[in-house]
Amino acid sequence: MNKIIFIILGLFIPFFPFPLIGQNHAAAMHLSIPKGHSDMISSVKLTIDEKNILSSSFDGTIKLWDIRTGLEVRTFRGHKGLVFSIAVSPINPRVFVSASRDNKLILWDIETGAIIHTLSEHEGDVMCVDFSSDGLRIISGGSDLTVKLWDALNGNLVKNFINDDVISSVRFIPGTYNFITTSGRGNIKLWNEKSGKEEKTFYNPLGPNHINWIPNSTRFVVGSAFGTITEWDLYKEKVIHTYKFHTSNITGLDVSKDGKFMATVSEDKNIIVWDLTKRKRHLIIKRSELQTSVAISNQFLFTSEGYLTNYENFTIYGWDFSGHLIQSFEKRTKIVDKVYFINNGTGLLSIPTSTFIGRENQYSSIWNVTTGEMVEAYVTNPTTIEIKNIGRNLLSSYDERYTIEYKADTLIVKMRANNKVIFKFAKIYSSKSFCFSPVEDILAVTERENIVLWHLGSQKIKTILTGHSESVEAIQFSPKGNLMVSGSKDNTVKIWDINKAEELVTLVLLDSTNWLTINKEGYYYASKSAAQKLGFSNGVKTYTFDQYDLRFNRPDKVLKTLGIANDTLINLFYSAYQKRLNKMNFSEKMFSEQVSTPEVKILGTFPLTSSGTRLVIPILAVDSIFPLDRINVFINDVPIYGVNGINIRSKNTQRFEKNLEIELSNGKNKIQISALNQAGVESFKESFNIMCTVQAPKPNLYFVGLGVSEFKDNYMNLNFPAKDIRDLVALLVKAKQLYNNISIDTFLDNNLKQSQFATLKQKLLKTKTNDHIIFFIAGHGVLDDSLNYYLATYDTDFKNPKSKAIAYEVFENLLDSIPARQKLMLIDACNAGEIDKQNIIFSQIQNTVQGNIKFRSMGLGIMNKKIGMENSFELMKNIFVDLRRGTGATIIASAGGVEAAIEVLEWKNSIFMFSLLSGLKQMKADLNHDGAIMLSELQKYLLSEVRSLSAGVQQPTTRTENVVIDWRVW
């Protein structure tokens, strides 16, 4: 396959509301990729139900975030300037209002994202806004020295108040339409709604900039430019307490609904929670970036930061009152302002803007146009890029009859022959880019978020390309003129079909290794880890990627949309997708509207944090047609009731209600609950996150080693399986600093008997949730004539492994339904990886020795009919995350499904064990060099190191993987 490439620099996660195709109940489901804010966050507010937060930004947008999943639900666009402030209706959970530099306020519908009213009477920046306690009035203050009272129902202006200074903050007095304002001159004023005049003035020499009422009292608190917070009594007209700790400007202040706590943030980078009943500091969180805003509930707070030293970091963090970080909503963005087709149209180059002085190098990436995948990512400085083979002068038409000039804000098209002006585009300051078609007299001009194609002969619009959500910064035709590429301020690159006037795909670079290609229907092709960054939303409800990834992760559909890949490649990807469905016991017809899908509901709401480890979850499962079969409950992708869940088949009911009692893991818990009906269809998984703040004790390590070197049939003897186990044990017992206790069970050579596993299972059932389990299995992997996998024991009949060998499912059962949730199984044997049963041939493979190495191979062997990436089974493992939960363990196999494991006599270990021991002992597996080896690092290291040491002959694979739990191994 020829390398057809295009290069994309600096694209980071945009938010896409891509509609998904499918079942009636999922018709409103959208694929979402959190973009985050691209400029300073000015305000964060909790919704009434405290399930979501709203954030406003100087980038001109407001965003809605799901607190439990950390996903961005939607972006509200409508303002034409910085958004300074937002306020949430206290009575209508669907309504909020925003205030902007564009002199406007906008009332929004949270549920739909629609604009309800636009309030346009201000003649300057609208700096602040608030709702009355009954939700019927809105008050706003601005730089035009006015305060305006509005009717929240119809958007009409009720009354205008004239001030002598710019209003910096405004708040209604609870239970009335009277209000208090602060201004830069140090005045705090009480205004009377009926008279329209100020009633009292409180002078504050500290320069007030934020004000908030303490619920159920006549007191209010005021933040200052000097870092102090003063508490006032409305009727005593004096300061009754001063809170001091901050050393610079208060940038955000909020009071909890119960009036017991206040949270403040400052330019000094500190976050402080104050106890208002005791009038003392309750908590301080020191950060390294500017804190810009804060919102507090009765149990947690959210802060925003960025824009002091790091122009890239505009992030919202969630904290509990102990200072634990419970959630983060990250900014990931790069604006594309240059795009070019290169290499005679086979490549694409796009360069990000460099708005801020001192910005460091940018990410670049190389993509394969034929496959839609990113081939390579690296860091480069855009100022050093040499652009080659761009083609003809972009300022001339394809036949050079026309030329173009750009003066001030006017685009002028002329005849080259006589310099005659054909027509002008005046006042096109919103246009960032323009170019001629290389094959016909078409001029493309960007106009904000749209691309307008003009026919030069008729001087009429041929078509308008719409799809970007923010201004298009750059465009260019392909050399053949059939495609166009565009780069936008919305951080995306899009490829368009000019003949059909439609968008083909959107391209996104998430980070240096993760990428995403999406077609207009919402189907996507992504790097394996990138899929985990995706989310799905339905209204204001969000779901993690694994809810819908099985259905919408469709590389074959993306390639078909692109129209470049050949049918062979598309069919290969489709075959890989079908194999994925088979492994999950699904079929495409299960996604049709005709299938009855059960539903499960989590009844009630839960806090974001828990100070205990026990949780009771009331659930209701229903199905309209079929009886229910089981309830599945997962915590961090571990099935806590086992892989078969809670069996309710015998109840023969279509409705099931139960209080589930579960034990939380220390730290973050992703809880998912689903129902399966007796037709084999599983409901969508209802999920929420909860942080368990109980201090985690040191875990216990349970190591189980199964290794057979000696066999009754001496010809099958191996050198190192038993030794490998002993070597690993000798190393693990030195890890006492990581564990409270280390338990070792080894079953070697003729001592390995399946009858011992019952006692072992009872031992593992006594583990704790935070304990670690490591299984290591070494020896001969044996396949029967149905390609089922076994570990050979001492007296195994290799021609009939079912008789004495131990089935792989027995090992899985040992790890199933046990309390411990950190589980790792390592299999160092031939054919340990999974096998494509539809794509193999049988062969006789002997136990062989070649020089210094020995292959753990025997008897019945198998081979792929096709080798490498042409094998759809191998392709599937490379492009799809394994969504099968299994026991929740990560299982790493030392060799692929058709490979032999190698022993090296010189090293006195297998290649796999040699790599494992050196990775731990010498800290080679510490890939980020932080002094700790995480499971994810060990997995990456083993897969890479074994391939390297065996020159590609032996390639470890992952049978299943837990994509949520990542724990310290060493």
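These questions and answers go through a predicted model of a protein chain.

Trainee: How many helices and how many strands does the secondary structure of the protein chain come to?
Mentor: Helices here are runs of at least four residues, and strands are runs of at least two. Counted that way, the protein chain has 74 strands, and its helices come to nine.

Trainee: What share of the residues of the protein chain count as buried?
Mentor: A residue is buried when its relative accessible area is under 20%. The protein chain has 970 residues, and the share of them that count as buried is 59%.

Trainee: Is Cys128 buried or exposed?
Mentor: Buried means under 20% relative accessible area, and exposed means over 50%. Cys128 has 4% relative accessibility, so Cys128 counts as buried.

Trainee: And Cys435, buried or exposed?
Mentor: The cut-off for buried is again under 20%. The relative accessible area of Cys435 is 2%, so Cys435 is buried.

Trainee: How many disulfides does the structure hold?
Mentor: A disulfide needs a pair of cysteine sulfur atoms within 2.5 Å. The number of disulfides in the structure is zero.

Trainee: Why is helix H8 largely enclosed by the rest of the structure?
Mentor: Helix H8 covers residues 911-921. Its buried residues include Ile911, Phe912, Met913 and Leu920. H8 is largely enclosed because, of its eleven residues, the number buried is nine.

Technical notes
Residues are numbered from 1 along each chain as its sequence is written. This is a predicted model: local features need pLDDT of at least 70, side-chain atom pairs count only at pLDDT 80 or more; totals for chains, interfaces and linings use all residues. Side-chain values use heavy atoms; hydrogens and water are left out. Buried means under 20% relative accessible area, exposed over 50%, partly exposed in between (1.4 Å probe, protein chains only).
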